[in-house]
2 protein chains.
Amino acid sequence: MTQLGPGRPRLEPRRRQGHTPRAEILDAAAELFTTKGYGNTSTRAIAEAVGIRQASLYHHFAAKDDILDALLGETIAAAVELAGLLRGRPEPAAVRLYALARFDLEQLCAARWNIGALYFLPELRGDRFARFRLRRDHLREGYEALAAGAVAEAGVAGVPGAEVLPFRLVETVINIRTDQGEVSADARRAIADAGLRSLGWQGDLGTLAAEADALTAAVREQGATG
Amino acid sequence: MTQLGPGRPRLEPRRRQGHTPRAEILDAAAELFTTKGYGNTSTRAIAEAVGIRQASLYHHFAAKDDILDALLGETIAAAVELAGLLRGRPEPAAVRLYALARFDLEQLCAARWNIGALYFLPELRGDRFARFRLRRDHLREGYEALAAGAVAEAGVAGVPGAEVLPFRLVETVINIRTDQGEVSADARRAIADAGLRSLGWQGDLGTLAAEADALTAAVREQGATG
């Protein structure tokens, strides 16, 4: 038996992804929530999937909704961080929007479980998830501000209502993963591009991609060291 | 007491939307599934919400998943019908695609409950919902064929992978309704337009809208009488 957290013995050797018991619990819960359903999954089933006792799980999470909240937070954490690093940068809004969209959709596609599908749970409308909703609203508003900025600086007429689309387009990878399991590289590129084109933005997307990826690398390195 | 179906007395006067007991059950189930969650809703709770006995509910639906299947079917029925009527029509694919997208997103927005949010339930991956998945895949493929046709007839280079976007853009109204409750008229228009623009289609959308709406009216009238 291997040791787990506060000295409790494990029932079985590790069988989940993750380097810590907490990460293993999150991985097992993510699988069960997305494949069996949130309502159909008990903390007992999660503990069993990890190979630990239910009491050990409670050392890390007091209740099932705490696990859901942690998982939901992970789906937006990296994008929220990047959006924060991009805020107030001198680069054009179009470059920053494209950088955020490309990064966000890549990380949504790379995640082992399609947790975004849980955004549609009615449970999320309760007070328990108010903080998550606020953070996600903030991310959405960040996208919308960059979209409005991209239209303004391009000097185009813009498309009324279209500023909501870059964020919503990125989220379509959640729908595609739900139905089809995988999002092709072409589709990922087309989704990011459609975010700009839907605004009426007419510039060169090849140039924009190079600038966006360079910016993402620069601000993330700065964020990590600064 | 009013009479219900096969002579069973109602517990209370009608309190749901719908002209038939079946429609009232579907309305109550749609509300409960989208506000409390599918897993958290029992057939007993649905019967109570309608004001009928659980035994009466079973005259109409043998099980909860039959109710879900009927509700899901309703979310795509009108779009599937229109897609069928548009198939093989002589009008340009761009007109037919825009007609389908505009109609589909209007009906998704007009529905009393946002049933599309239930597409993400893991339960839908089971055999029970294979027929629904097939019908919805067929609708999606109809969108993709029209998108490919619109690119071909416009003689533009096209955007690899973008043919999936008109369908996925229409579905974003489900996400917007989930988060924000309502989809503005500007956003609805921008979504349909983005479907065309994301393909690289550069024509005039005002002209296309007039042609598309005329086509929808014509084929639906023909479908109703023919």
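A: Let's start at Ala49(B), which touches Ala28(B) and Leu32(B) once you ignore residues up to four places away in sequence (touching, or contact, means C-beta atoms, placed from the backbone, within 7 Å). Keep in mind that this is a predicted model: local features need pLDDT of at least 70, side-chain atom pairs count only at pLDDT 80 or more, and totals for chains, interfaces and linings use all residues. As for labels, residues are numbered from 1 along each chain as its sequence is written, while chains are lettered from A and ligands numbered from 1 in the order in which they are written.

Ala49(B) sits in helix 2 (residues 43–50) of chain B; helices here are DSSP runs of H or I with at least four residues, strands are E runs of at least two, and both are numbered from the N terminus.

Helix 1 of chain B packs against helix 4 (residues 64–86) of chain B at about 95°, with the axes 10 Å apart; axes are lines fitted to C-alpha atoms, for helices over the stretch in contact, and angles run from 0 to 180 degrees between N-to-C directions. The pair is therefore roughly perpendicular (65 to 115 degrees; under 35 is roughly parallel, over 145 roughly antiparallel, and the rest oblique). Helix 1 of chain B brings Ile25(B), Leu26(B), Ala29(B), Ala30(B) and Phe33(B) to that contact, and helix 4 of chain B brings Ile67(B), Leu68(B), Ala70(B) and Leu71(B). By class, that's 9 nonpolar residues, no polar and no charged (nonpolar: Ala, Val, Leu, Ile, Met, Phe, Trp, Tyr, Cys and Pro; charged: Asp, Glu, Lys and Arg; polar: the others, Gly among them).

Next, the face towards the partner chain. In all, 33 residues of chain B are in contact with 33 residues of chain A. Helix 1 (21–35), helix 7 (165–180) and helix 8 (185–197) of chain B each supply at least two residues of that side of chain B, whose residues divide into 14 nonpolar, 11 polar and 8 charged.

Over in chain A, there are 9 helices and 2 strands. Helix 5 (residues 93–110) and helix 9 (residues 205–225) of chain A have axes that come within 8 Å and cross at roughly 75°, so these two are also roughly perpendicular. Among the residues making this contact are Tyr98(A) and Phe103(A) of helix 5 of chain A, and Leu208(A) and Leu215(A) of helix 9 of chain A. By class, the contact has 9 nonpolar, 1 polar and 3 charged residues.

One last stop is the core. Leu100(A) and Leu100(B) touch the most other members of the largest nonpolar core, which has 141 residues (a core is a set of buried Ala, Val, Leu, Ile, Met, Phe, Trp, Tyr and Cys residues joined through C-beta atoms within 7 Å). Leaving out residues up to four places away in sequence, Leu100(A) touches Ala79(A), Leu82(A), Ala83(A), Leu86(A), Tyr143(A) and Leu146(A).

Methods. Two residues are in contact if their C-beta atoms, placed from the backbone, lie within 7 Å. A residue is buried if 20 or more other C-beta atoms lie within 10 Å of its own, exposed if 12 or fewer, and partly exposed in between; C-beta atoms are placed from the backbone.
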